[in-house]
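Keep the model open beside the text as you read.

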Amino acid sequence: MRPSADAVVIGGGVVGAAIAYNLLKSGMKSVVLCEKSTFASGSTGRCGAGVREQWGAEHNIRLAKASIDMFEHLAEELGYDQDIEFKQKGYLILAHTEKEWDQFKKNVELQHRLGVNSMLLTPEEAKDIVPALNTEGMLGATYNSRDGHANPFHTTRAFLQAARRLGGDICFFTEVTAIELEAGKVKRVRTSRGDISSPVLVNAAGPWAAVVAKMVGVDLPVYTQRHQILVTEPVGWFLDPMVMSFSIGIYCQQTPHGSVVMGIGDPDEPKGYDTGHSWQFLREMASIVCRLLPVLRDVRVVRQWSGLYTMTPDAHPILGKVPGVDGYYQAVGFSGHGFMLAPVVGRLLSEMILGKQPFIDISGLDLGRFERGEYMVEPSVV
Amino acid sequence: MRKTELAVVGAGPAGISGALEAASYGVKVTLIDRGDRPGGQLVKQTHKFFGWHAKGAGTRGIVLAEQLARHIRENENVTFFGSTEALGYYSDKVLLLETPRGIEPLQCERLLVATGASEKMLLFPGNDLPGVYGAGAVQTLMNVYGVRPGRSVLMVGSGNIGLIVSYQLVQAGVRVAAVLEAMPVIGGYAVHASKIRRLGIPILTGHSIKEAYGDGQVEGAVIWKLDEKWNGIPGTEKDLKVDVICLATGLTPLGELLWQAGAQMEYVSELGGFVPLYDENMETTAKGVFVAGDASGVEEASTAMAEGKLAGLSAAWSLGRVPPEEFTRKREEIRNELYQLRAGPTGQKILRGLETLSKRAKKVTA
Ligand SMILES: Cc1cc2nc3c(=O)[nH]c(=O)nc-3n(C[C@H](O)[C@H](O)[C@H](O)COP(=O)(O)OP(=O)(O)OC[C@H]3O[C@@H](n4cnc5c(N)ncnc54)[C@H](O)[C@@H]3O)c2cc1C
């Protein structure tokens with residue numbers, strides 16, 4: 001590991017990887033990425049890896065849309081020798097309550113205004129897209145064919161390999177333990193494998209973002225919460241889009257390899273760092289998904305696990321600088337959708353750090369918004 | 001939700017002994033097995049036991065299985081769940097079961113994992129063709145269901161299992177083309193090897209399988225000689241027309257449930273692969289989770305029964321059912337029995353493995 005660098009990025013998840021790559025691509029010479037474990041070992045490697053522009057809030061729509069543009073050419077841009085398995089077969093988002101249906105109509109209107117070609121579908125039209133769907137009790141659905149998902153391990157690895165090729169120093173099993181400031185400026189980073197002096201520090205520590213922020217004296221209004229997920233054995237192709245419902249709190253998708261990945265959002269899950277899993281989840285998940293997609297009834301579960309969401313008060317990430325701590329940047333609090341935003345966030349953060357005008361205005365996503373009382377509202381999260 | 005004091009997963013010699021021991025102290029035990037009857041590997045062992053010094057020497061596995069099954073049936077503290085698979089053990093002490101009736105949670109105060117071992121697979125082209133079997137599967141087919149696996153068999157591995165199954169195949173009217181052994185010497189006991197030789201079956205040491213071929217199923221195998229580094233020597237290939245390839249290349253502990261329950265696992269080659277760290281009471285690093293038998297290191301039935309008994313005793317003791325002096329005395333007795341059982345040459349290897357394991361356990365607690 002180098003003794004000094006132009007920038008140190010903390011976190012080898014997809015967000016840290018994307019930021020390190022973009023800094024190097026934009027001409028920064030010396031970038032060190034510190035990861036306390038191995039790549040994608042935090043939330044990234046545990047996530048559902050869905051990518052959608054069907055959001056209900058303007059920031060999320062703009063960011064996700066730009067990210068999808070980037071995902072479409074990502075493997076090529078990064079010169080990745082394998083497949084990141086980006087699949088665009090859409091998201092089908094189901095409405096089961098009047099309230100939800102009304103909200104979806106508004107969402108689609110906003111999405112159209114921002115250039116997203118989503119559609120409102122009747123239950124019959126939804127069934128045309130997913131013949132296996134049980135539409136009982138469904139009022140309608142929204143659909144957008146540009147949505148989809150990718151493989152989180154390959155995506156992160158593609159960013160990291162490209163960063164390495166550009167001269168980045170990617171250090172696994174290197175934990176940042178302290179950060180030294182001098183006259184309000186980032187000076188040096190202490191790690192389990194030695195010190196690095198650097199004027200720039202990027203906090204992309206995922207669930208540990210608040211711990212890292214504390215090292216520079218910044219309090220983050222975030223909490224972490226467990227989310228459980230499972231994968232089945234591979235089965236014949238039956239599910240093109242990601243199927244999602246906010247009122248039922250479920251998402252379900254079939255990966256290119258045929259296995260089906262699914263999770264539920266349970267507000268009673270423990271907060272903190274517990275990444276265990278429960279049998280109650282298996283039962284709950286199975287009963288919900290078999291009602292929605294009865295063909296899954298005889299399919300076997302091969303693995304269950306959990307990961308952490310890092311939640312902010314308004315379910316939007318916190319991006320950029322913090323007044324009073326020069327050289328400190330953060331890309332944290334993704335509230336369950338940081339995988340899809342990583343490509344665009346990588347570019348935006350590098351633009352900010354290099355003093356350029358960010359290509360999308362994200363000034364409203366700074367930490368200061370909570371003090372100013374400028375909360376965003378995002379009605380469409382699982 | 002159904003409740004039990006001790007759940008025992010695996011109704012082989014280890015699990016049954018553990019269940020009966022705990023039950024003798026009044027502990028309510030639920031014994032679970034994937035198979036439809038208790039007995040584990042014993043139900044297919046038609047041969048007499050070897051290397052069992054203590055009691056029951058000369059007993060056939062199937063006879064012993066029947067005896068044990070009867071003890072289980074007659075014991076009012078033990079409930080047997082057959083055709084039931086344990087899927088996972090969770091932090092709220094629930095063991096999730098897949099039963100013929102569906103998925104059922106079982107609340108248990110203690111868990112004994114006695115899941116045994118599974119056969120090791122060999123890597124070679126064509127190893128996924130129908131007709132490639134583990135030796136245990138061949139034994140089950142013949143001795144439990146009365147089904148011949150095929151007409152002509154290539155046996156890979158000359159340990160006791162490979163030799164005994166070869167003999168049983170011939171008894172069942174199946175041709176055994178050859179027994180291969182990668183090592184320069186035969187692995188199993190000389191008595192078994194001579195029996196095979198007398199039947200005219202060649203035992204080829206320093207040989208392995210290169211590939212299996214066939215259209216949709218095994219039609220033959222190519223074998224070759226190995227050099228001292230275990231690499232195949234080109235030019236020494238021979239083609240054997242067989243429809244079954246039987247792998248008797250050793251066993252590895254079945255520890256999925258232990259991994260999932262959060263027990264710390266260590267790789268110890270003498271014990272067959274990954275095994276849990278455990279203390280002198282057979283308790284793993286996952287509190288309240290005990291282990292016994294091949295799941296804790298591949299050995300044989302008599303040590304499995306002794307370990308099962310020790311685990312069952314400890315589980316009963318940890319539930320407050322065994323007076324301390326009695327516990328200490330009995331534990332010492334069983335440990336002595338285990339020591340004696342491991343006195344032979346095969347036991348030396350196990351003892352080395354256990355020593356490695358206990359060193360690592362000390363490192364963990366230090
Ligand atoms: C079950 C589940 C499903 C999800 N589904 C989706 C989805 O469908 N779509 C989507 O977009 N998002 C989804 N998410 C959210 C997504 O996983 C996260 O938002 C995203 O992965 C965040 O990436 P990250 O790089 O910020 O964090 P992480 O991947 O957690 O990376 C942070 C890294 O920082 C390292 N680190 C922390 N502290 C230190 C330190 N002091 N020193 C060195 N290294 C440190 C950690 O080891 C970790 O590897 C899901 C999350 C979960 C749990």
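Which residue of β18(B) is the bridge partner of B:Met265? The partner is B:Pro276. Before we go further, a word on the model: it is predicted, local features need pLDDT of at least 70, side-chain atom pairs count only at pLDDT 80 or more, and totals for chains, interfaces and linings use all residues. Residues are numbered from 1 along each chain as its sequence is written, while chains are lettered from A and ligands numbered from 1 in the order in which they are written.

Back to that pair in chain B. Strand β17 (residues 265–268) and strand β18 (residues 273–276) of chain B are joined by 4 bridges and run antiparallel. Two strands count as paired if DSSP finds at least two bridges between them; helices (H or I, at least four residues) and strands (E, at least two) are DSSP runs, numbered from the N terminus. Between β17(B) and β18(B) the hairpin has 4 residues, and B:Gly272 adopts a positive phi near 100° there.

Now zoom out to chain B as a whole. Chain B holds 9 helices and 19 strands, and its C-alpha trace spans about 65 × 45 × 35 Å along its principal axes. Its radius of gyration of 21 Å agrees with the value near 21 Å for a compact globule of 366 residues; this radius is taken over C-alpha atoms, and the globule rule is 2.2 Å times the number of residues to the power 0.38. Chain B is divided into domain 1 (2–118 + 251–365) and domain 2 (121–247), with bounds that come from an automatic or database domain assignment. The centres of the two domains of chain B, taken over C-alpha atoms, are 31 Å apart. Where the domains of chain B meet, 6 residues of domain 1 are in contact with 8 residues of domain 2 (contact means that the C-beta atoms, placed from the backbone, lie within 7 Å). The domain 1 side of this contact in chain B has 2 nonpolar, 3 polar and 1 charged residues. Here Ala, Val, Leu, Ile, Met, Phe, Trp, Tyr, Cys and Pro count as nonpolar, Asp, Glu, Lys and Arg as charged, and the others, Gly among them, as polar.

Chain A is next. Chain A has 10 helices and 19 strands. The radius of gyration of chain A is 20 Å, close to the 21 Å that the globule rule gives for 382 residues, so chain A is as compact as a globular protein of that length. The assignment for chain A gives domain 1 (7–47 + 153–222 + 314–372) and domain 2 (87–146 + 223–311). Their centres, over C-alpha atoms, are separated by 30 Å, and 13 residues from domain 1 of chain A meet 10 residues from domain 2 of chain A.

Follow the sheets of chain A now. An open sheet of 8 strands with mixed pairing runs in the order β5-β6-β4-β14-β15-β16-β13-β17. At its edges stand β5 (119–121) and β17 of chain A, each with a single partner strand, so one side of each is left without a neighbour in the sheet. Neighbouring strands in this sheet are turned by 20° against each other on average, direction ignored. Within it, β4 (residues 91–95) and β6 (residues 140–144) of chain A pair in the antiparallel sense over 5 bridges, and A:Tyr91 has A:Asn144 as its bridge partner in β6(A). Helix α4 (residues 98–113) of chain A lies across β4, β5 and β6 of chain A, at about 25° to β6(A); axes are lines fitted to C-alpha atoms, for helices over the stretch in contact, and angles run from 0 to 180 degrees between N-to-C directions.

A second open sheet of chain A has 3 strands, ordered β9-β10-β11, with antiparallel pairing.

Where does the ligand lie in relation to domain 1 and domain 2 of chain A? Both domains give residues to the shell around the ligand, so it lies between them. The ligand is surrounded by 40 residues, the closest being A:Gly13, A:Gly42, A:Gly206, A:Gly307 and A:Gly338 (a residue is near a molecule if its C-beta atom, placed from the backbone, lies within 6 Å of it). By class, the shell has 18 nonpolar, 18 polar and 4 charged residues. At least two shell residues each come from α1 (14–25), β13 (223–232), β17 (301–311) and α9 (338–353) of chain A.

Finally, the two chains touch: 4 residues from chain A and 7 residues from chain B make the contact. The chain A side consists of 1 nonpolar, 2 polar and 1 charged.
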